[in-house]
Structure formats: C-alpha cells, structure tokens
Amino acid sequence: MLDACAELVDEVGYEGLTTTLLAERAEVAIGSVYQFFPDKRAIVQALTLRTMESYLQRLDERFSSPDLTHWWDGVDAAIDEYISMHRTVPGFRTLHFGDVVDLHLLDEQRDNNGVIADQLARVLTERFGLAGVPDLRFHLEVAVEAADSLIKLAFRRKTEGDERVLVEAKALIREYLHRQVDARTEAVQQS
C-alpha cells in the first residue's frame, strides 16, 4: 500500500490522493486500507517514516565509508542523499519528509526539519566526534532549513534539479557550517 501511495502522490499530489484511489492502485479492498490506516494522512505519515528510515540507513552506509574523513564530507553526503532521493524515491519529491502534509508529521513536539537536524547531529557526532560543538543542533537545523528550501527550488526549476542551484546550496551550507562548527570548535580548544 505504501508503494502505491508513493506512486499516486507523484501522479496526483497529496491533495488528489484518496483512500479509494489507493485501494484501487494497491489492488486491495477499501476495508483493507482502513484496517491499517484511518485516513490518508496516516498513510502518508507511514510512507514518510519509511522514507526517513531509508534516508538514515543511506546515511549510515555512506558514513561507514573510509572516504569520509572530515565532518563536512558527512554534510555533503547528507545533502547528496537528499538530492538523490528527490530523483529516485517515488513520492519523495512531493512529500519530502512530510512538510506538505503537516510540519509536525514526524513528531508532535518538533517540526519535521528539526527531527532531521536531530538525526544529523546524532550521526555527525557519532562519526566525527562533534559532541563538544556549541549549539550544533541549532546550526544543523538552520542548515537543514536552508538546504531544504534551496533543493526544493532546484527541483521546481528543473525536473532532475537545477545543478547550478544544487551546487550553490552545498557551498552555502558548507560555508555556514564551517563558520559555526570549525570556528567555534577552535575557539573552545584555545580557551
């Protein structure tokens, strides 16, 4: 059902998605849809959670590579995976991490990009030892918001993403985080 949901979202958008369409596409009875999901929001939430898990799994695989030697390689990998998912994962270009449906789809207390920032902080801290960086989670949240907006712009401009915008997005995020992470880490170490 989730695969059918992803296909339909690409075809008709979130607003055009109905449980009836989903049941037809998934070739199940409408009662089967309601057995697992009370409404289309719940279906999309399940799809978004699956996508989030996939994104984090992709990051874990990328972060286990010996090619990533510095934290900004991890940031680049996170951005590259987000871009790749826009190009390859059905439904992702429309839903992203659920912000189209609800800014609090992933967590009732935090907005969706805040959840992503938390996960990135966890992964970057585990892989690159950034635990001592002051306000890391805050700076990652700002970076995620900026990257998300610019990547959406790139995909509005061109179906496969406007490469010029994507390059600028990565440069902007890297420069911002360099100022916030490296400069602050150096200041803490010197004091």
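Over residues 1-55 the chain is 84% helix and 0% strand, with the end C-alpha atoms 20 Å apart. UniProt lists this stretch, residues 1-55, as "domain: HTH tetR-type" in an unreviewed entry. UniProt positions follow the numbering used here, feature names are shortened, and annotations may be inferred rather than shown by experiment. Helices (H or I, at least four residues) and strands (E, at least two) are DSSP runs, numbered from the N terminus.

This is a predicted model: local features need pLDDT of at least 70, side-chain atom pairs count only at pLDDT 80 or more, and totals for chains, interfaces and linings use all residues. Residues are numbered from 1 along each chain as its sequence is written, and side-chain values use heavy atoms, with hydrogens and water left out.

**Aromatic rings**

The structure holds 4 aromatic pairs. Rings of Phe, Tyr and Trp (its six-membered ring) pair if their centres lie within 6.5 Å; planes under 30 degrees apart count as stacked, over 60 as edge-to-face and the rest as tilted. Tyr 55 and Tyr 82 form an edge-to-face pair, because their ring centres are 6.5 Å apart and their planes stand at 80°. Tyr 55 lies in helix 4 (residues 40-63) and Tyr 82 in helix 5 (residues 71-88), so the pair ties together parts 27 residues apart in sequence. Both Tyr 55 and Tyr 82 are buried. Trp 71 and Trp 72 are also edge-to-face, because their ring centres are 6.0 Å apart and their planes stand at 70°. Ring pairs link Tyr 55, Tyr 82 and Phe 92 into a cluster.

One ring meets a charge. The charged end of Lys 40 sits over the ring of Tyr 14, 4.4 Å from its centre. The criterion is NZ of Lys or CZ of Arg within 6 Å of the ring centre and within 35 degrees of the ring normal.

**Accessibility**

Buried means under 20% relative accessible area, exposed over 50%, and partly exposed in between (1.4 Å probe, protein chains only).

| Residue | Relative accessible area | Class |
|---|---|---|
| Trp 71 | 5% | buried |
| Asp 76 | 15% | buried |
| Trp 72 | 27% | partly exposed |
| Leu 172 | 45% | partly exposed |
| Asp 135 | 48% | partly exposed |
| Glu 27 | 72% | exposed |

**Backbone in two loops**

Glu 27 has a positive phi of about 60° although it is not a glycine. Glu 27 sits in the loop between helix 2 (19-26) and helix 3 (30-36). Asp 135 is not a glycine either, and has a positive phi of about 60°. Asp 135 belongs to the loop between helix 7 (112-128) and helix 8 (136-157).

**Helix packing and contacts**

Helix 5 and helix 8 pack at an angle of about 35°, with their axes 11 Å apart. Axes are lines fitted to C-alpha atoms, for helices over the stretch in contact, and angles run from 0 to 180 degrees between N-to-C directions. The crossing of helix 5 and helix 8 is right-handed. A crossing is right-handed if the near helix is turned clockwise from the far one by less than a right angle, and left-handed if anticlockwise.

In helix 5, Ile 79, Tyr 82, Ile 83, His 86 and Arg 87 meet Asp 148, Ile 151 and Phe 155 of helix 8. Contact means heavy atoms within 4.5 Å. Asp 76 also lies in helix 5. Not counting residues up to four places away in sequence, Asp 76 touches Lys 170 and Arg 174.

Leu 172 is placed in helix 9 (residues 163-190). With residues up to four places away in sequence left out, Leu 172 touches Ala 146 and Leu 150. Leu 172 and Leu 150 are 22 residues apart in sequence and 9.8 Å apart in space, C-alpha to C-alpha.
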